Amino acid sequence: MPLALDVKLSKLFVVEDRDDVVPFIVRVRGVGSLRTRSVYLVALDSSWSMDGSKIFFAKDSVLRMVRLLDPEDYISVYSFYGRIVKVLDMEKIGNADKIVRAVADIRLGGGTNIYSVLEHMYADVTRVREELKSKEQGAVPGIKMVMVTDGNPTVGVRDGDRILDMAGKLGKHVSVSLVIGVGEDYNEKLLSGIASKTNGFFEHLEDPAKMPDLVEKMASAYRELSAKNLRILIKTAPGVGVYIYNKPAYASRGGVEVEIGDVYEGETINVVGEFLVPPQKRGMSYLATVTGIYTESGGAEKELSPNTVTIPCVHTVPPDAVEVDNTVFREVNLIRVASIITKDLYGQLSVDKLMNVLEDIVNSTIAVENRELYTRTIDLKAHLAKEGLSPDVVKKVVALISRILSGRYE
């Protein structure tokens with residue numbers, strides 16, 4: 001099997017004849033490789049405001065990323081301002097000289113047309129998939145997207161909902177994305193939405209010089225596909241409800257289906273939610289069956305071995321009983337707190353409340369031993385204490401939340 005799936009509950013038992021809520025994690029790991037080609041779609045904002053270090057490091061990011069990739073992979077590069085210029089169209093990574101010349105020759109212009117560059121990538125990606133399936137004997141490529149911008153949409157479609165709708169269409173074909181906002185003059189809510197719709201995460205950069213390392217890290221982490229189009233199917237026992245915090249979920253096949261998308265070798269994706277458990281009788285209570293359905297390289301669907309989820313039901317709680325698995329609880333709490341911030345950040349969230357929320361995230365990242373998220377959260381706390389809810393702090397918060405809610409934080 002190219003994937004490993006397991007389910008962890010944060011509670012060790014429920015109590016007889018009581019309603020209860022049992023938080024859980026479905027953890028998926030990529031453990032095999034489909035050996036398919038990768039296609040990189042790179043969109044670089046080339047409006048006038050990108051002049052100087054921003055466009056220099058954006059170009060440098062592409063060139064440094066290319067050095068890490070397989071010579072048989074492909075890259076398309078789009079320069080977007082008031083119009084869209086396709087700098088490279090499905091060029092093999094091995095043609096390094098051509099890639100260097102094309103990227104170096106990107107010129108700046110007026111305006112920022114985010115909708116049209118997403119539209120162009122969507123049109124190309126549907127064509128590319130079929131072309132590569134033919135070249136690779138039916139194997140579906142892993143398509144990855146990188147977008148860099150420093151501004152709001154000023155040309156073409158400016159409505160955020162329409163832009164996100166187009167990102168959603170593109171996202172049905174994209175394995176993973178990295179959306180980078182540079183500076184302070186862009187809409188972080190829009191960019192984080194584009195990242196979410198394209199199965200990736202949003203990053204905020206004050207310093208453009210950090211861009212190449214960020215793009216290189218993404219290219220290194222997502223090399224070989226393990227499985228395509230993974231969906232998690234959770235079939236609950238009668239009366240048991242389920243709520244998912246961090247992924248789209250739909251009623252399907254007699255249960256709840258959670259969209260994951262493509263999974264890469266070596267990566268872990270976490271789906272976090274809660275079982276809403278009605279009163280149970282003493283003994284072992286059945287909560288759900290959890291499985292995964294994915295697409296093999298030849299296009300056939302395959303199902304993972306199901307996980308049966310049960311929990312002990314006790315008559316009373318002994319005085320010295322440990323009721324929760326603290327590590328699982330903290331990991332669930334990490335996602336839960338992140339989802340709360342997304343609802344409040346543009347509403348009534350005060351500095352004090354955000355400071356308390358960040359403290360919760362710090363404690364959770366310690367428990368799950370995630371040094372990167374811990375470091376970022378500590379940095380955010382320091383900025384918040386110094387600046388209050390400044391635009392830069394808000395952008396950093398949105399980037400942190402984007403990473404957590406993606407489930408790809410390990």
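Which residues in H4 meet which residues in H5? In this predicted model, local features need pLDDT of at least 70 and side-chain atom pairs count only at pLDDT 80 or more, whereas totals for chains, interfaces and linings use all residues. Residues are numbered from 1 along each chain as its sequence is written, and side-chain values use heavy atoms, with hydrogens and water left out.

Gly160, Ile163, Leu164, Ala167, Gly168 and Gly171 in H4 meet Leu190, Gly193, Ile194 and Lys197 in H5, where contact means heavy atoms within 4.5 Å. By class, this contact of H4 with H5 has five nonpolar, four polar and one charged residues; Ala, Val, Leu, Ile, Met, Phe, Trp, Tyr, Cys and Pro count as nonpolar, Asp, Glu, Lys and Arg as charged, and the others, Gly among them, as polar. Helices (H or I, at least four residues) and strands (E, at least two) are DSSP runs, numbered from the N terminus. The axes of helix H4 (residues 160-171) and helix H5 (residues 188-197) come within 8 Å and cross at roughly 25 degrees; axes are lines fitted to C-alpha atoms, for helices over the stretch in contact, and angles run from 0 to 180 degrees between N-to-C directions. H4 and H5 are therefore roughly parallel to each other, given that angles under 35 degrees count as roughly parallel, over 145 as roughly antiparallel, 65 to 115 as roughly perpendicular and the rest as oblique.

On the H1 side the contact is made by Lys54, Phe57, Ala58, Asp60, Ser61, Arg64 and Met65, and on the H6 side by Met211, Pro212, Asp213, Val215, Glu216 and Ala219. The residues of this contact of H1 with H6 divide into seven nonpolar, one polar and five charged.

Turning to the sheets, six strands form an open sheet in the order S6-S5-S4-S7-S8-S9, with mixed pairing; two strands pair if DSSP finds at least two bridges between them. Strand S6 (84-92) and strand S9 (201-205) stand at the edges with a single partner strand each, so one side of each is left without a neighbour in the sheet. The twist averages 15 degrees from one strand to the next. Strand S5 (residues 74-80) pairs with S6 in the antiparallel sense over six bridges, and the bridge partner of Ile75 in S6 is Glu91. H5 packs on this sheet, touching strand S7 (142-149), strand S8 (176-182) and S9, and the direction of H5 makes about 165 degrees with that of S8.

Another open sheet has four strands in the order S1-S3-S14-S11, with antiparallel pairing; the edge strands, strand S1 (3-9) and strand S11 (241-244), each pair on one side only. Neighbouring strands of this sheet are turned by 25 degrees against each other on average, direction ignored. S1 and strand S3 (residues 20-30) pair in the antiparallel sense over seven bridges, and Leu5 stands opposite Val28 in S3. Helix H7 (residues 326-344) packs on the sheet, touching S1, S3, S11 and strand S14 (268-277), and the direction of H7 makes about 100 degrees with that of S3.
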